[in-house]
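Biologist: I am new to this structure, and I would like to learn how to read its helices with some care.

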Amino acid sequence: MPSCITRPHPLARLLLLIALVLGMPPALLGCRSLPDVQPFADSTSAMQHSIKTAGRTAVLQVSAIESSGDEAPAPGSPPSTPLAKDVFKHWHTRDNVFEALTAYSDSLCAIVQAGKDGQASALKLAESVKSLASTVSSSFPAGGPAVSLVTDSAAIAYAVIAKQRAATRLHQAIEYANPTIRAVAALVSADLADLRRLNARAQSKALAVLDMSYHDLPRLNELTDERLNLDIGEPADLAKLREIGELVVFETQSPWYAEYTTRRAAIIAQHRANDAMLEQTTVALDAWAKAHEAIGRAVETRSAPSLHELQRVTSDLLTVYHTYRLQTAKGM
(Lines give C-alpha, C1' and ligand atoms only; values in the text may rest on other atoms or scores of the structure.)
Protein backbone atom coordinates (compact mmCIF):
# COMPACT_ATOMS: atom_id res chain seq x y z
CA MET A 1 0.00 0.00 0.00
CA PRO A 2 1.16 3.58 -0.53
CA SER A 3 3.52 4.89 2.13
CA CYS A 4 1.34 7.92 2.76
CA ILE A 5 -1.23 5.59 4.34
CA THR A 6 1.14 3.57 6.48
CA ARG A 7 2.96 6.66 7.85
CA PRO A 8 0.41 9.49 7.82
CA HIS A 9 1.70 13.05 8.03
CA PRO A 10 0.01 15.32 10.64
CA LEU A 11 -1.42 17.39 7.79
CA ALA A 12 -2.80 14.22 6.22
CA ARG A 13 -4.52 13.32 9.49
CA LEU A 14 -6.04 16.81 9.59
CA LEU A 15 -7.30 16.47 6.02
CA LEU A 16 -8.76 13.07 6.86
CA LEU A 17 -10.58 14.53 9.85
CA ILE A 18 -11.98 17.34 7.67
CA ALA A 19 -13.13 14.76 5.13
CA LEU A 20 -14.95 12.77 7.79
CA VAL A 21 -16.65 15.85 9.21
CA LEU A 22 -17.74 17.11 5.79
CA GLY A 23 -18.76 13.67 4.59
CA MET A 24 -16.27 13.76 1.69
CA PRO A 25 -14.55 10.62 0.41
CA PRO A 26 -11.10 10.53 2.04
CA ALA A 27 -9.54 9.49 -1.28
CA LEU A 28 -10.28 12.93 -2.68
CA LEU A 29 -8.00 14.52 -0.10
CA GLY A 30 -5.43 11.88 0.65
CA CYS A 31 -3.25 9.47 -1.28
CA ARG A 32 -5.40 7.51 -3.70
CA SER A 33 -4.78 4.00 -4.96
CA LEU A 34 -4.30 3.06 -8.59
CA PRO A 35 -7.50 2.43 -10.56
CA ASP A 36 -9.18 -0.89 -11.27
CA VAL A 37 -8.31 -1.94 -14.83
CA GLN A 38 -9.51 -5.54 -14.67
CA PRO A 39 -12.18 -4.87 -17.36
CA PHE A 40 -9.33 -4.16 -19.80
CA ALA A 41 -7.87 -7.62 -19.24
CA ASP A 42 -11.30 -9.27 -19.28
CA SER A 43 -12.22 -7.67 -22.61
CA THR A 44 -8.93 -8.74 -24.17
CA SER A 45 -9.48 -12.30 -22.97
CA ALA A 46 -12.97 -12.25 -24.51
CA MET A 47 -11.51 -11.24 -27.87
CA GLN A 48 -8.97 -14.05 -27.70
CA HIS A 49 -11.63 -16.62 -26.80
CA SER A 50 -13.81 -15.59 -29.75
CA ILE A 51 -10.95 -15.75 -32.25
CA LYS A 52 -9.58 -19.04 -30.92
CA THR A 53 -12.87 -20.91 -30.93
CA ALA A 54 -13.98 -19.51 -34.28
CA GLY A 55 -10.66 -20.57 -35.79
CA ARG A 56 -11.08 -24.16 -34.73
CA THR A 57 -14.60 -24.22 -36.15
CA ALA A 58 -13.51 -22.69 -39.46
CA VAL A 59 -10.78 -25.30 -39.95
CA LEU A 60 -13.17 -28.18 -39.23
CA GLN A 61 -15.75 -26.74 -41.64
CA VAL A 62 -13.33 -26.38 -44.53
CA SER A 63 -11.81 -29.79 -43.84
CA ALA A 64 -15.26 -31.38 -43.97
CA ILE A 65 -16.09 -29.55 -47.22
CA GLU A 66 -12.86 -30.52 -48.96
CA SER A 67 -13.06 -34.12 -47.77
CA SER A 68 -16.12 -34.54 -50.06
CA GLY A 69 -17.54 -37.48 -48.19
CA ASP A 70 -14.18 -38.92 -47.11
CA GLU A 71 -13.41 -39.17 -43.44
CA ALA A 72 -12.63 -35.70 -42.09
CA PRO A 73 -9.67 -35.25 -39.73
CA ALA A 74 -10.39 -35.57 -36.03
CA PRO A 75 -10.68 -32.35 -34.00
CA GLY A 76 -7.20 -31.18 -32.98
CA SER A 77 -5.36 -32.98 -35.77
CA PRO A 78 -3.73 -30.91 -38.52
CA PRO A 79 -5.76 -30.60 -41.75
CA SER A 80 -4.55 -32.27 -44.93
CA THR A 81 -6.54 -30.53 -47.69
CA PRO A 82 -5.26 -27.36 -49.46
CA LEU A 83 -7.74 -24.69 -48.36
CA ALA A 84 -8.06 -26.19 -44.87
CA LYS A 85 -4.27 -25.97 -44.50
CA ASP A 86 -4.37 -22.32 -45.51
CA VAL A 87 -7.22 -21.58 -43.10
CA PHE A 88 -5.40 -23.42 -40.30
CA LYS A 89 -2.19 -21.45 -40.87
CA HIS A 90 -3.97 -18.08 -40.87
CA TRP A 91 -6.14 -18.79 -37.83
CA HIS A 92 -3.20 -20.22 -35.90
CA THR A 93 -1.31 -16.96 -36.48
CA ARG A 94 -4.24 -14.93 -35.18
CA ASP A 95 -4.52 -17.19 -32.16
CA ASN A 96 -0.87 -16.53 -31.25
CA VAL A 97 -1.33 -12.78 -31.72
CA PHE A 98 -4.38 -12.59 -29.47
CA GLU A 99 -2.61 -14.70 -26.85
CA ALA A 100 0.10 -12.02 -26.85
CA LEU A 101 -2.53 -9.28 -26.46
CA THR A 102 -4.04 -11.15 -23.52
CA ALA A 103 -0.64 -11.68 -21.90
CA TYR A 104 0.14 -7.97 -22.18
CA SER A 105 -3.26 -6.95 -20.81
CA ASP A 106 -2.90 -9.34 -17.88
CA SER A 107 0.58 -7.97 -17.20
CA LEU A 108 -0.63 -4.36 -17.26
CA CYS A 109 -3.50 -5.26 -14.98
CA ALA A 110 -1.15 -6.98 -12.51
CA ILE A 111 1.23 -4.02 -12.49
CA VAL A 112 -1.57 -1.56 -11.79
CA GLN A 113 -3.18 -3.79 -9.17
CA ALA A 114 0.16 -4.04 -7.35
CA GLY A 115 -0.39 -0.37 -6.49
CA LYS A 116 3.24 0.72 -6.88
CA ASP A 117 3.54 3.76 -9.10
CA GLY A 118 7.28 4.15 -9.60
CA GLN A 119 10.19 3.37 -11.87
CA ALA A 120 10.10 -0.34 -11.05
CA SER A 121 6.54 -0.55 -12.37
CA ALA A 122 7.54 1.47 -15.42
CA LEU A 123 10.34 -1.01 -16.14
CA LYS A 124 7.96 -3.95 -15.82
CA LEU A 125 5.66 -2.32 -18.33
CA ALA A 126 8.57 -1.75 -20.70
CA GLU A 127 9.37 -5.46 -20.62
CA SER A 128 5.71 -6.32 -21.30
CA VAL A 129 5.58 -3.96 -24.29
CA LYS A 130 8.80 -5.45 -25.64
CA SER A 131 7.42 -8.99 -25.33
CA LEU A 132 4.13 -8.02 -26.99
CA ALA A 133 5.86 -6.37 -29.95
CA SER A 134 8.24 -9.31 -30.35
CA THR A 135 5.45 -11.90 -30.46
CA VAL A 136 3.19 -9.89 -32.75
CA SER A 137 5.92 -8.89 -35.22
CA SER A 138 7.30 -12.44 -35.42
CA SER A 139 3.86 -13.70 -36.44
CA PHE A 140 3.96 -11.77 -39.73
CA PRO A 141 6.44 -11.53 -42.62
CA ALA A 142 9.28 -9.17 -41.76
CA GLY A 143 9.85 -5.96 -43.68
CA GLY A 144 6.27 -4.81 -44.06
CA PRO A 145 5.59 -1.19 -43.04
CA ALA A 146 2.97 -2.15 -40.46
CA VAL A 147 5.28 -4.70 -38.84
CA SER A 148 8.19 -2.25 -38.90
CA LEU A 149 6.01 0.35 -37.19
CA VAL A 150 5.34 -2.08 -34.34
CA THR A 151 8.99 -3.06 -33.87
CA ASP A 152 10.34 0.49 -34.25
CA SER A 153 7.84 2.08 -31.87
CA ALA A 154 8.42 -0.69 -29.31
CA ALA A 155 12.20 -0.22 -29.56
CA ILE A 156 11.82 3.51 -28.96
CA ALA A 157 9.49 2.98 -26.01
CA TYR A 158 11.82 0.41 -24.44
CA ALA A 159 14.87 2.61 -24.92
CA VAL A 160 13.18 5.59 -23.30
CA ILE A 161 11.66 3.65 -20.40
CA ALA A 162 14.23 0.97 -19.62
CA LYS A 163 17.52 2.39 -20.86
CA GLN A 164 17.21 6.15 -20.60
CA ARG A 165 14.99 5.83 -17.50
CA ALA A 166 12.97 8.80 -18.72
CA ALA A 167 9.78 7.29 -17.31
CA THR A 168 9.90 7.37 -13.54
CA ARG A 169 6.15 6.85 -13.12
CA LEU A 170 3.83 4.19 -14.44
CA HIS A 171 1.57 6.60 -16.30
CA GLN A 172 4.60 7.94 -18.17
CA ALA A 173 5.55 4.43 -19.26
CA ILE A 174 2.00 3.80 -20.48
CA GLU A 175 2.14 7.05 -22.44
CA TYR A 176 5.39 5.98 -24.11
CA ALA A 177 3.83 2.58 -24.87
CA ASN A 178 0.71 4.02 -26.51
CA PRO A 179 2.21 4.32 -30.03
CA THR A 180 3.18 0.64 -29.93
CA ILE A 181 -0.29 -0.36 -28.77
CA ARG A 182 -1.89 1.67 -31.55
CA ALA A 183 0.49 0.12 -34.09
CA VAL A 184 -0.30 -3.40 -32.86
CA ALA A 185 -4.06 -2.75 -33.05
CA ALA A 186 -3.70 -1.36 -36.61
CA LEU A 187 -1.58 -4.32 -37.73
CA VAL A 188 -3.96 -6.92 -36.33
CA SER A 189 -6.99 -5.09 -37.76
CA ALA A 190 -5.44 -5.05 -41.23
CA ASP A 191 -4.66 -8.72 -40.86
CA LEU A 192 -8.25 -9.51 -39.94
CA ALA A 193 -9.25 -7.96 -43.27
CA ASP A 194 -7.13 -10.66 -44.94
CA LEU A 195 -8.92 -13.27 -42.89
CA ARG A 196 -12.26 -11.92 -44.12
CA ARG A 197 -11.06 -12.46 -47.70
CA LEU A 198 -10.10 -16.01 -46.76
CA ASN A 199 -13.58 -16.45 -45.31
CA ALA A 200 -15.04 -15.39 -48.68
CA ARG A 201 -12.93 -18.06 -50.41
CA ALA A 202 -14.18 -20.67 -47.96
CA GLN A 203 -17.79 -19.65 -48.65
CA SER A 204 -17.28 -19.94 -52.41
CA LYS A 205 -15.77 -23.38 -51.91
CA ALA A 206 -18.66 -24.51 -49.71
CA LEU A 207 -21.27 -23.30 -52.19
CA ALA A 208 -19.47 -24.98 -55.09
CA VAL A 209 -19.38 -28.31 -53.24
CA LEU A 210 -23.06 -27.93 -52.38
CA ASP A 211 -23.98 -27.26 -56.01
CA MET A 212 -22.11 -30.35 -57.17
CA SER A 213 -23.97 -32.54 -54.70
CA TYR A 214 -27.37 -31.81 -56.33
CA HIS A 215 -27.61 -33.57 -59.70
CA ASP A 216 -30.89 -31.86 -60.59
CA LEU A 217 -29.41 -28.39 -60.25
CA PRO A 218 -27.67 -28.29 -63.68
CA ARG A 219 -31.01 -29.10 -65.33
CA LEU A 220 -32.71 -26.24 -63.50
CA ASN A 221 -29.90 -23.87 -64.42
CA GLU A 222 -30.16 -24.86 -68.08
CA LEU A 223 -33.90 -24.19 -68.05
CA THR A 224 -33.37 -20.82 -66.40
CA ASP A 225 -30.70 -19.82 -68.93
CA GLU A 226 -32.84 -20.98 -71.82
CA ARG A 227 -35.78 -18.93 -70.56
CA LEU A 228 -33.63 -15.81 -70.32
CA ASN A 229 -32.65 -16.19 -74.00
CA LEU A 230 -36.27 -16.20 -75.17
CA ASP A 231 -38.08 -12.99 -76.11
CA ILE A 232 -41.56 -12.53 -74.72
CA GLY A 233 -42.28 -10.16 -77.59
CA GLU A 234 -41.73 -12.90 -80.16
CA PRO A 235 -44.89 -14.97 -80.81
CA ALA A 236 -42.75 -17.96 -81.73
CA ASP A 237 -41.14 -17.91 -78.27
CA LEU A 238 -44.37 -17.71 -76.24
CA ALA A 239 -45.17 -21.41 -76.32
CA LYS A 240 -41.60 -22.29 -75.42
CA LEU A 241 -41.66 -19.77 -72.56
CA ARG A 242 -44.81 -21.35 -71.12
CA GLU A 243 -43.34 -24.83 -71.42
CA ILE A 244 -40.05 -23.89 -69.76
CA GLY A 245 -41.88 -21.89 -67.09
CA GLU A 246 -43.91 -24.96 -66.11
CA LEU A 247 -40.75 -27.06 -65.90
CA VAL A 248 -39.00 -24.43 -63.75
CA VAL A 249 -41.97 -24.27 -61.39
CA PHE A 250 -41.99 -28.07 -61.15
CA GLU A 251 -38.29 -28.15 -60.22
CA THR A 252 -38.42 -25.27 -57.74
CA GLN A 253 -41.37 -26.84 -55.95
CA SER A 254 -39.66 -30.21 -55.65
CA PRO A 255 -38.34 -31.47 -52.27
CA TRP A 256 -34.72 -31.47 -53.48
CA TYR A 257 -34.87 -27.75 -54.28
CA ALA A 258 -36.32 -26.85 -50.87
CA GLU A 259 -33.52 -28.79 -49.21
CA TYR A 260 -30.92 -27.19 -51.48
CA THR A 261 -32.07 -23.61 -50.80
CA THR A 262 -32.20 -24.26 -47.07
CA ARG A 263 -28.64 -25.58 -47.00
CA ARG A 264 -27.40 -22.78 -49.25
CA ALA A 265 -28.97 -20.11 -47.05
CA ALA A 266 -27.40 -21.73 -43.97
CA ILE A 267 -23.92 -21.65 -45.52
CA ILE A 268 -24.26 -17.99 -46.50
CA ALA A 269 -25.62 -17.03 -43.07
CA GLN A 270 -22.82 -18.93 -41.36
CA HIS A 271 -20.07 -17.15 -43.32
CA ARG A 272 -21.77 -13.78 -42.92
CA ALA A 273 -21.80 -14.32 -39.17
CA ASN A 274 -18.09 -15.20 -39.31
CA ASP A 275 -17.43 -12.05 -41.31
CA ALA A 276 -19.44 -9.97 -38.84
CA MET A 277 -17.43 -11.39 -35.96
CA LEU A 278 -14.15 -10.45 -37.63
CA GLU A 279 -15.46 -6.97 -38.35
CA GLN A 280 -16.59 -6.51 -34.76
CA THR A 281 -13.19 -7.69 -33.53
CA THR A 282 -11.64 -4.88 -35.57
CA VAL A 283 -13.94 -2.41 -33.83
CA ALA A 284 -12.97 -3.91 -30.47
CA LEU A 285 -9.26 -3.55 -31.26
CA ASP A 286 -9.71 0.18 -31.90
CA ALA A 287 -11.53 0.55 -28.57
CA TRP A 288 -8.78 -1.54 -26.93
CA ALA A 289 -6.07 0.89 -28.04
CA LYS A 290 -8.14 3.88 -26.87
CA ALA A 291 -8.78 2.18 -23.52
CA HIS A 292 -5.02 1.74 -23.07
CA GLU A 293 -4.58 5.50 -23.37
CA ALA A 294 -7.44 6.05 -20.91
CA ILE A 295 -5.70 3.77 -18.40
CA GLY A 296 -2.57 5.93 -18.57
CA ARG A 297 -4.60 9.06 -17.80
CA ALA A 298 -6.45 7.27 -15.00
CA VAL A 299 -3.20 6.09 -13.40
CA GLU A 300 -1.87 9.64 -13.49
CA THR A 301 -5.00 11.21 -11.97
CA ARG A 302 -5.91 8.27 -9.72
CA SER A 303 -9.37 8.17 -11.27
CA ALA A 304 -11.50 5.42 -12.77
CA PRO A 305 -10.52 4.79 -16.41
CA SER A 306 -13.16 5.19 -19.10
CA LEU A 307 -13.48 1.59 -20.24
CA HIS A 308 -17.20 1.65 -21.01
CA GLU A 309 -16.70 1.78 -24.78
CA LEU A 310 -14.35 -1.20 -24.73
CA GLN A 311 -16.76 -3.18 -22.57
CA ARG A 312 -19.68 -2.28 -24.84
CA VAL A 313 -18.00 -3.32 -28.11
CA THR A 314 -16.65 -6.48 -26.46
CA SER A 315 -20.18 -7.34 -25.34
CA ASP A 316 -21.32 -6.78 -28.93
CA LEU A 317 -18.51 -9.05 -30.10
CA LEU A 318 -19.65 -11.86 -27.82
CA THR A 319 -23.20 -11.43 -29.13
CA VAL A 320 -21.97 -11.68 -32.72
CA TYR A 321 -19.80 -14.65 -31.75
CA HIS A 322 -22.78 -16.53 -30.31
CA THR A 323 -24.69 -15.80 -33.52
CA TYR A 324 -21.79 -17.28 -35.46
CA ARG A 325 -21.82 -20.41 -33.30
CA LEU A 326 -25.57 -20.76 -33.83
CA GLN A 327 -25.26 -20.38 -37.61
CA THR A 328 -22.37 -22.84 -37.62
CA ALA A 329 -24.50 -25.44 -35.87
CA LYS A 330 -27.17 -24.97 -38.55
CA GLY A 331 -24.69 -25.07 -41.42
CA MET A 332 -22.73 -28.16 -40.37
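This is a predicted model: local features need pLDDT of at least 70, side-chain atom pairs count only at pLDDT 80 or more; totals for chains, interfaces and linings use all residues.

Biologist: At what angle do helix α4 and helix α10 pack?

Modeller: Helices here are DSSP runs of H or I with at least four residues, numbered from the N terminus, and axes are lines fitted to C-alpha atoms over the stretch in contact, with angles from 0 to 180 degrees between N-to-C directions. Helix α4 (residues 82-114) and helix α10 (residues 255-301) pack at about 25°, their axes lying 13 Å apart. That makes α4 roughly parallel to α10, a label for angles under 35 degrees.

Biologist: Which residues make that contact?

Modeller: Contact means heavy atoms within 4.5 Å. Among the residues involved are Trp91, Phe98 and Leu101 of α4, and Met277, Leu278 and Trp288 of α10.

Biologist: In α6, which residues are buried?

Modeller: Buried means under 20% relative accessible area, exposed over 50%, and partly exposed in between, with a 1.4 Å probe and protein chains only. In α6, the buried residues include Val147, Val150, Ala154 and Ile161, and their cover includes α5 (119-138) and α7 (170-212). By contrast, Ala276, found in helix α10, is partly exposed, at a relative accessible area of 29%.

Technical notes. Residues are numbered from 1 along each chain as its sequence is written. Side-chain values use heavy atoms; hydrogens and water are left out. Helices (H or I, at least four residues) and strands (E, at least two) are DSSP runs, numbered from the N terminus. Angles under 35 degrees count as roughly parallel, over 145 as roughly antiparallel, 65 to 115 as roughly perpendicular and the rest as oblique.
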